[in-house]
Amino acid sequence: MLRYIAYRTLVALFLVWFVVTAVFLLLHLIPGDPAELLLSQGGVAADPEAVAALREKMGLNAPLWQQYLEHMTGFLSGDFGESFRDGTPVIEQIALRLPRTLEVIAGAALLAAIFGVPLGTYAAIRADGKADALISLLASVALSTPVFVVGSVIILIFAQNLQILPAGGFAPFSQDPLEHLKLLLLPAGTVAITLWAVITRMSRASVLEVLQRDYVRTARAKGLERNRILRRHVVRNALIPVLTVLGLEMGTLIGGTVLVEFVFNWPGLSGYLVAAVDARDYPEVVGIVMTISVLFVFLNLVVDVVNALLDPRISLVKS
């Protein structure tokens with residue numbers, strides 16, 4: 001097991017290096033002068049002196065190898081430079097906004113897993129029955145409904161009609177924990193609905209597959225109780241692909257909750273990325289993209305380790 005974890009950690013570190021290097025190379029392969037593109041507004045050519053000053057500030061006049069070393073050094077030290085918009089260090093804004101996005105994703109994943117795994121398992125046990133049809137229908141509807149529509153409906157129900165939760169906004173947890181949790185519920189619930197559909201369908205398919213395996217049939221032939229078979233033999237093995245999908249979905253959501261953050265006025269990382277792209281703020285875009293990429297790789301590493309703990313055969317096969 002330790003050998004497998006070490007192997008997966010080395011693979012993750014290689015992927016991080018590859019992503020950071022790819023970001024650097026892509027930025028230099030884009031046609032045109034980055035400094036000139038950043039300063040050009042409305043098709044009007046930028047002032048040559050301003051372009052030269054910005055190139056010097058961005059370190060674009062240095063040799064390529066030196067720029068790469070500075071790029072890697074900045075990444076390792078967490079120094080992504082300063083924002084062109086307000087001059088604040090990019091890492092400070094990322095450190096401020098990233099936890100807000102992560103708590104929305106974590107809350108959504110928790111809700112989706114709590115309701116998705118049991119319902120998906122129940123649908124598999126009652127395959128081709130009325131309960132299976134109803135759960136599958138609800139999952140299909142949830143999966144096909146755009147997230148901004150889900151968010152708008154949730155606001156209409158809980159904020160406008162029932163008036164039990166605020167429609168949106170943000171309050172720091174340190175100042176008002178209860179208000180913070182109230183404001184978190186709706187965006188997390190909106191993300192959870194789509195995620196629930198994915199987890200439910202994956203759980204159903206995975207449980208159905210495990211139910212057909214020989215060791216489950218053997219357990220039934222021995223006369224073991226159905227609940228015991230489900231707990232000890234079916235659900236544990238069925239969780240492996242479910243956790244894999246959940247980890248991938250969570251990694252995707254780190255930079256993909258922009259619509260939810262917009263609908264609920266939640267100041268997270270995804271909205272910050274869109275604003276940085278719109279403002280053509282080079283340091284902010286690079287810092288956010290690399291942060292999201294590293295977190296995605298880390299989540300995959302965690303999923304691999306958890307899967308190996310659930311099924312030790314994985315570590316024997318892949319190490």
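User: Taking helices as DSSP runs of H or I with at least four residues and strands as runs of E with at least two, both numbered from the N terminus, how many helices and strands does the protein have?
Analyst: This is a predicted model, in which local features need pLDDT of at least 70 and side-chain atom pairs count only at pLDDT 80 or more, while totals for chains, interfaces and linings use all residues. Residues are numbered from 1 along each chain as its sequence is written, and side-chain values use heavy atoms, with hydrogens and water left out. Along the sequence the pattern reads α-α-α-α-α-α-α-α-α-α-α-α-α-α, and the secondary structure comes to 14 helices and zero strands.

User: Which percentage of the 319 residues is buried?
Analyst: The C-alpha trace spans about 85 × 55 × 35 Å along its principal axes. With buried meaning under 20% relative accessible area, exposed over 50% and partly exposed in between (1.4 Å probe, protein chains only), the buried share of the 319 residues is 39%.

User: How far apart are the end C-alpha atoms of residues 285-310?
Analyst: An unreviewed UniProt entry places the feature "transmembrane region" at several spans, including 137-160 and 285-310, in the numbering used here, though such annotations may be inferred rather than shown by experiment. In the model, residues 137-160 are 92% helix and 0% strand, with end C-alpha atoms 27 Å apart. Residues 285-310 are 100% helix and 0% strand, and the distance between their end C-alpha atoms is 38 Å.

User: Which helix gives the largest share of the nonpolar patch?
Analyst: The patch covers about 740 Å² and is made by Phe148, Val149, Val153, Leu156, Ile157, Phe158, Leu162, Ile164 and Leu259. Leu156, for instance, lies in helix 7 and counts as partly exposed because its relative accessibility is 45%. Six residues, the largest share of the patch, come from residues 147-161, that is, helix 7.

User: How many residues apart are Phe24 and Tyr68?
Analyst: Where ring centres of Phe, Tyr or Trp (its six-membered ring) within 6.5 Å make a pair, stacked if the planes are under 30 degrees apart, edge-to-face if over 60 and tilted otherwise, the count comes to three aromatic pairs. One of them, Phe14 with Trp17, is tilted at 5.7 Å centre to centre and 35 degrees between the planes; these two are three residues apart in helix 1 (residues 2-29), so about one helical turn separates them. Phe24 and Tyr68, by contrast, form an edge-to-face pair because their planes stand at 65 degrees, with centres 5.4 Å apart. This pair links distant parts of the chain, Phe24 being in helix 1 and Tyr68 in helix 4 (residues 64-77), at a separation of 44 residues.

User: The charged end of which residue sits over the ring of Phe170?
Analyst: The rule asks for NZ of Lys or CZ of Arg within 6 Å of the ring centre and within 35 degrees of the ring normal. At 4.4 Å from the centre of the Phe170 ring, the charged end belongs to Arg100.

User: In which loop is Asn265 found?
Analyst: Asp128, in the loop between helix 5 (90-125) and helix 6 (130-144), has a positive phi near 70 degrees although Asp128 is not glycine, and with a relative accessible area of 76% Asp128 is exposed. Asn265 likewise has a positive phi, near 55 degrees, and counts as exposed because its relative accessibility is 56%. The loop that holds Asn265 is the one between helix 11 (258-263) and helix 12 (269-278).

Conventions: Patch = residues over 30% accessible without salt bridge, like charges linked within 9 Å, V, L, I, M, F, W, Y side chains within 5 Å. Areas by Shrake-Rupley, 256 points an atom, 1.4 Å probe, with all protein chains shown as cover. Salt bridge = Lys/Arg side-chain N within 4 Å of Asp/Glu carboxyl O.
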